[in-house]
Amino acid sequence: MHKTGRLGGWCEFLLGDLGVPPNLIFPQDWVIEGIEKTFVNALDIHCHCLIGALTLSYIIDVTVYLRSISEGDRVSLARSEADMSTLFLSKNDVRSLLNMAEVIEAVEQAFKDWALGRAKMPPKAYLVLEQGDFRAMPGAIPGAAGMKWVNVHPQNQPLGLPTIMAILIYNDPATGYPLAVMDATDITAYRTGATAAMASKYLARKNSHTLGIVGAGRQSYTQLMAHGELFDLRRIKVFDQRAAAVETLIKSFPAYSIQACSLEEMVDSDIVCTVTPAREPFLKSEWVRPGTHINAIGADAEGKEELDPSILKKAVVVVDDLRQAAAAGEINVPVRKGLFAVEEVYATLGEIVVGKKQGRKDPQAITIFDSTGVAIEDIAVAKLVYDKARKAGGYLSLDFV
Ligand SMILES: NC(=O)c1ccc[n+]([C@@H]2O[C@H](COP(=O)([O-])OP(=O)(O)OC[C@H]3O[C@@H](n4cnc5c(N)ncnc54)[C@H](O)[C@@H]3O)[C@@H](O)[C@H]2O)c1
């Protein structure tokens, strides 16, 4: 769905012959140059273009697979990996490099580093438009720095586009050199699932076996995957306004026992993950039984809210970042309305991970992890992806800067 540009004339004809749709944007000069220098039939080209803002106003993500081409005929944009170069990692590249167990480990380490003062992260910058919003998320952990540029457009589903899409610029912290530009759509989903599961590890009861999920969209998949890594999940209960979304989720995980159920039945779970873009609380206080742990994931911008505020009052509330949670997390609306005070937050997740504060103390307590999503999670996963890609080799790299 990249419709804003086309190749013209013979170039479009040749690429069409190779099965490349004509409605993609290409860096036209490069492609023409490449075609002139190579045997057209040896090229299998897949390109797409993403338009960002802030420090990058225009980023081109091109994946060119050159097959059966002699060294002398290499297209000028394909560079040796040994050069100082920028790696370009597409959605498929990143997806093939992601592993949930590794992501959980990387994210936990990032929270440790942050809690011990070894990571840096200014607040997210929000750009709010009528149809959705954008966030710029810079951050640095030991040995890695970068920025994610991510959108949230809840009305994208009928257009066949994800609600959330992201790209990430990954830099050398010592020199600032852009080491990679990568798709961060799956990085976002993986790190969000990983962080929630990590929160559950510290806050849920150890013998938790049932997982409830409300909102069967993109994020629900990685919530399930990540909790599956850390818990022996015997039963998963899912509710969504769209029955079709629940059906698709069930079909995607044949190894799990997943059932569609009502909201009230879903809440009767050991761990509950709320992953909707709701702006009206839907989770009622009287449904939540003692001992439940809730990962409140969906509220990550001003005005979003999923839980009845009275649940906060009787729960142990943990946040990823206090300032961000107060401005944009599950507590943002209750704080603004005076129904919940920032001082009532028990701890940050980082404080618990490094042992400054204790996780679950009482099996009867209701615990809530208010997740807004923090840049160090993304940078930690980007580092993982980048290191694996460099080691494996074979990915597109450009002499970009
Ligand atoms: N905290 C974080 O770090 C973080 C990270 C990523 C996404 N998010 C947030 O999570 C939410 C979900 O993201 P996504 O990518 O899965 O979106 P998505 O559009 O893919 O899925 C959302 C699902 O929620 C369902 N839904 C909407 N309102 C509902 C309601 N009131 N009750 C039941 N179901 C409802 C929709 O039908 C849809 O299936 C968004 O608000 C997003 O901003 C937070």
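How many helices and strands are there in the protein? Here are some notes to read alongside the model.

1. The protein has 13 helices and 17 strands; helices (H or I, at least four residues) and strands (E, at least two) are DSSP runs, numbered from the N terminus. Please keep in mind that this is a predicted model, in which local features need pLDDT of at least 70 and side-chain atom pairs count only at pLDDT 80 or more, while totals for chains, interfaces and linings use all residues. Residues are numbered from 1 along each chain as its sequence is written.

2. **The protein as a whole.** Of its 401 residues, 45% count as buried. A residue is buried if 20 or more other C-beta atoms lie within 10 Å of its own, exposed if 12 or fewer, and partly exposed in between, with C-beta atoms placed from the backbone.

3. **An open sheet.** Look for 8 strands with parallel pairing, in the order β11-β10-β9-β12-β13-β16-β14-β15. At the edges are β11 (258–260) and β15 (347–348), each pairing on one side only. Two strands pair if DSSP finds at least two bridges between them; β9 (residues 210–214) and β12 (residues 271–274) have 4 bridges. In that pair, isoleucine 213 has cysteine 273 in β12 as its bridge partner.

4. **Helices on the sheet.** Helix α6 lies across β9, β10 (235–239) and β12, running at about 165 degrees to β9. Helix α7 (residues 243–252) touches β10 and β11, and its direction makes about 170 degrees with that of β11. Axes are lines fitted to C-alpha atoms, for helices over the stretch in contact, and angles run from 0 to 180 degrees between N-to-C directions. Contact between two residues means that their C-beta atoms, placed from the backbone, lie within 7 Å.

5. **Around the ligand.** Which residues come nearest to the ligand? Of the 28 around it, they are Gly215, Gly217, Gln219, Pro277 and Gly373; a residue is near a molecule if its C-beta atom, placed from the backbone, lies within 6 Å of it. Helices α5 (185–203) and α6 (218–230) each supply at least two residues of this shell.

6. Isoleucine 104 sits in helix α4 (residues 100–115). Is isoleucine 104 buried or exposed? Isoleucine 104 counts as buried because it has 22 C-beta neighbours inside 10 Å. Not counting residues up to four places away in sequence, isoleucine 104 touches Ala194, Ala197, Met198, Ala226 and Glu229.
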